[in-house]
Amino acid sequence: MIQFFHWYSPEDTLWKEVKEKAEYLGNLGITSVWLPPASKGEQGGRSVGYDTYDLFDLGEFDQKGSVRTKYGTKDEFLEATQALHDRGVQVIVDFVFNHKAGGDESELMQAIKVSEENRLKNISDPYEIEAFTRFTFPGRNGEYSDFIWDKHCFSGVDFDHRNQESGIFNLFSEYGNDWDEMITNEKGNYDFLMFCDIEFRNPAVRDELIKYATWLHELTYYDGVRLDAVKHIPPAYFKEFLHLLRERTGKDIFAVGEYWAPGHLELLTKYIDATDGTMSLFDSALQHSFHVASNMGSQFDLREIFTKSLVSENQELAVTLVDNHDTQPLQALEAPVESWFKPLAYALILLRKDGYPCVFYPDLFGASYWDKGDDGQDYEIFIDRVDELETMLYTRKDFAFGTQRDYFEQTNAIGWIREGDEDHSGCAVVMSNSDGATISMEIGGRYSGRSFRDVLGKVQDEVWVNESGWADFHCAPGSVSVWTEVI
C-alpha cells in the first residue's frame with residue numbers, strides 16, 4: 001500500500017498526479033493506493049480533508065469558498081480511481097466519521113462543560129449554549145441526500161458562540177447526557193476529539209453514514225477503507241458498519257483503522273478484540289520503535305525492534321508503516337523516523353513475510369513545505385526521498401518469497417533470508433545501526449555455488465554460497481544491504 005499524500009500536498013494537483021502515476025505504481029509492485037479524504041472540508045479548497053463538512057461533495061458544488069477540494073474536482077477524482085483500477089491497483093478511500101466541521105446554522109442546546117483532561121469531570125452546571133450544529137449544505141441543495149445534520153446528531157462541541165468560549169461541551173440529547181462508550185479510560189472518556197462530535201447512538205446518523213459509503217462505492221468501486229480516529233469512535237459502531245458495507249457492496253472490503261497509541265500494544269489488541277477482528281490497525285507501536293531507534297543510534301538493541309509491536313502479535317491485522325501525515329515534522333503527532341534509519345525501517349516492513357506494509361508518499365517522491373513550529377516561528381521542512389526505496393519495492397515484488405529465517409543475534413546487527421519459492425529466487429538482508437557487519441546465514445542448498453550481490457550497491461563485492469547453502473552476507477556501517485542472486 002502507498003499513502004499517496006501528505007499533510008502539505010500541493011493544492012489542485014493530487015488527483016491528476018494519481019492518474020499520471022498509476023502505471024508507475026503498478027509496475028513498482030504497489031497493489032493498493034490510500035487516497036486522502038475526497039469530501040469537502042470546512043476550509044474548502046485548502047482543506048486536507050480531516051475537517052469534514054459535506055461527505056457527498058467530492059468537488060462538485062460551490063461550498064466553503066470553492067467547487068474543487070484541495071485535491072481537485074469530482075471528475076478528476078473519478079478519473080484517478082479509474083486509472084488505478086485499469087492498472088490492477090486497488091483503491092483505499094479515507095472515511096472521516098468521528099466529527100463534522102463548518103456547520104451552516106447555529107442552534108441553542110443544553111450542555112455541560114467538562115474538563116479537557118478528564119471528560120467525565122463536569123466543570124459547570126447544565127446551561128444553554130449556542131453552536132453551529134446544523135448542516136444544510138445549501139450549495140448541494142439536497143442532491144444525493146436530503147439529510148440535515150442538527151444538534152441531535154452530535155454528542156459534543158468545542159465552542160460556545162453565545163459566550164464566545166472555547167472548551168469541551170457535552171450535549172444533552174435523547175440518546176444520553178454522556179459520551180459514547182470507549183474501550184479505555186484515557187482522558188476519562190476520549191469520545192470527544194474535535195469540532196462537532198458525531199453521536200453514533202442516533203440511528204439516523206448510522207443510516208446516513210452507510211448510505212454515503214454505499215453511494216461512494218457505486219461511484220468508485222473502491223476496494224478498501226481507511227477509518228480515521230477510531231480511538232474516539234465506539235467499536236460496536238464499526239462492527240455494524242463494516243458488516244453492512246460488505247453485505248451491501250457484495251465485496252470483502254478491506255478496512256484499516258487509525259488507533260494511534262505509540263508504545264501501547266495492549267490498546268491496539270484490545271480494540272481488535274472489541275471489533276471482533278473486523279478491521280486491521282496501523283502498527284503505531286512499531287512506528288514508535290522506528291522513531292526511537294532512529295534517535296538512539298547504536299544505543300538501540302536491534303534485536304528488540306519488533307518487541308511489543310502489533311505485527312509480532314497479530315501479523316494478519318497489522319498494517320506496518322515508517323511515517324505518515326500525522327508523524328511528519330510540524331504535525332500533531334510528530335515522531336519522524338530519522339533519514340539514516342529509513343532504509344533500515346523500510347527493509348523491515350517490505351522484505352519480511354509479516355504485516356501489510358504502507359509506504360509514505362514523501363519517502364518515495366520527496367517533499368518540501370513551510371509551517372509554524374510550536375514556538376510560532378516559520379520553518380521550511382525538506383523530506384528527502386529514500387533512494388533505496390524504489391529498489392526495495394522491486395525486490396519485494398520479485399524476490400521476497402518463501403521461508404523466512406531470522407538471525408537476530410547481535411545487538412547492533414540483524415539479518416534474515418527469504419528462501420524463495422518455485423517461481424522466485426530469494427533474498428538476504430543484513431543491517432547495522434553501528435559498525436559494518438557480517439552475518440553468516442543459510443539461504444538454502446539450491447543456491448550452492450552461486451553468487452549474490454547487494455542490489456542497493458552499498459557493498460560492491462559479490463558473495464558466494466557454499467555447498468551447504470550458507471554465505472557470509474555484509475552491510476556497511478549504519479546501513480542495510482539487500483542481496484539477490486546474480487543471474
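What follows is a set of questions and answers about a predicted model.

Trainee: Which residues does UniProt list for "active site"?
Mentor: The listing comes from an unreviewed UniProt entry, and its annotations may be inferred rather than shown by experiment. The listed residues are spread over 31 residues of sequence, yet they cluster in space, with a largest C-alpha distance of 5.4 Å. The lining of the largest pocket includes both of the listed residues, Asp228 and Glu258.

Trainee: Is Asp228 buried or exposed?
Mentor: Asp228 lies in the loop between β12 (224-227) and α4 (235-249), and, leaving aside neighbours within four places in sequence, Asp228 is in contact with Tyr50, Asp94, Phe95, Val96, His99, Ile233 and Glu258. The cut-off for buried is a relative accessible area under 20%. Because the relative accessible area of Asp228 is 7%, this residue counts as buried.

Trainee: Which side chain is joined to that of Asp228 by a polar contact of 2.8 Å?
Mentor: Asp228 belongs to a network of salt bridges that also takes in Asp94, Arg226 and Glu258. Within that set, the side chain joined to Asp228 by the 2.8 Å polar contact is that of Arg226.

Trainee: Where does Glu258 lie, and is Glu258 buried or exposed?
Mentor: Glu258 is placed in the loop between β13 (254-257) and α5 (265-274). Not counting residues up to four places away in sequence, Glu258 touches Arg226, Leu227, Asp228, Ala229, Val230, Lys231, Phe282 and Asp326. With a relative accessible area of 8%, Glu258 falls under the 20% cut-off and is therefore buried.

Trainee: Which backbone nitrogen does the side chain of Glu258 reach at 2.8 Å?
Mentor: The residues touched by Glu258 include Asp228, Ala229 and Val230. Among these, the backbone nitrogen reached at 2.8 Å by the Glu258 side chain belongs to Ala229.

Trainee: Why does the salt bridge between Arg226 and Glu258 tie together parts that are apart in sequence, and how many residues apart are they?
Mentor: The side chains of Arg226 and Glu258 meet at 3.5 Å, N to O, and Arg226 counts as buried at 1% relative accessibility. Arg226 lies in strand β12, whereas Glu258 sits in the loop between β13 and α5, so the parts that this pair ties together are apart in sequence by 32 residues.

Trainee: How many residues apart are Glu11 and Arg68, the partners of another salt bridge?
Mentor: The side chains of Glu11 and Arg68 meet in a salt bridge of 3.2 Å, N to O. Glu11 is partly exposed, with a relative accessible area of 38%, and Arg68 is partly exposed as well, at 22%. Glu11 is in the loop between β1 (2-3) and α1 (14-28) and Arg68 in the loop between β4 (52-54) and α2 (74-86), and this pair of distant parts of the chain is 57 residues apart.

Trainee: Which side chain of opposite charge is nearest to Glu107, and how far away is it?
Mentor: Glu107 is in strand β7 (residues 105-114), where its side chain makes a polar contact of 2.6 Å with the side chain of Thr133. Glu107 is buried yet has no salt bridge, and a salt bridge here requires a side-chain nitrogen of Lys or Arg within 4 Å of a carboxyl oxygen. The nearest side chain of opposite charge lies 4.6 Å away and is that of Arg134.

Trainee: Is Asp180, which the UniProt annotation "binding site" covers, buried or exposed?
Mentor: The annotation comes from an unreviewed entry, and Asp180 is found in the loop between β10 (165-171) and β11 (196-198). Beyond neighbours within four places in sequence, the contacts of Asp180 include Asn189, Asp191 and Arg201. Because its relative accessibility is 3%, Asp180 counts as buried.

Trainee: Which backbone nitrogen does the side chain of Ser145 reach?
Mentor: Ser145 is in the loop between β8 (127-134) and β9 (154-160), and Ser145 is buried, with a relative accessible area of 3%. Leaving aside neighbours within four places in sequence, Ser145 is in contact with Phe56, Arg140, Glu208 and Lys211. At 3.3 Å, the side chain of Ser145 reaches the backbone nitrogen of Phe147.

Notes:
Residues numbered from 1 in each chain as written. Predicted model: local features only at pLDDT ≥ 70, side-chain atom pairs only at ≥ 80, totals over all residues. Heavy atoms only, no water. 1 Å grid on protein atoms, 1.4 Å probe; cavity = no way out; pocket = protein on both sides within 12 Å on 5 of 7 lines; lining within 4 Å. Helix = DSSP H or I, 4+ residues; strand = E, 2+ residues; numbered from the N terminus. Buried < 20%, exposed > 50% of the residue type's maximum accessible area, 1.4 Å probe, protein only. Contact = heavy atoms within 4.5 Å. Polar contact = N/O pair within 3.5 Å; in protein donor to acceptor, adjacent residues only side chain to side chain. Lys, Arg positive; Asp, Glu negative; His and termini not counted.
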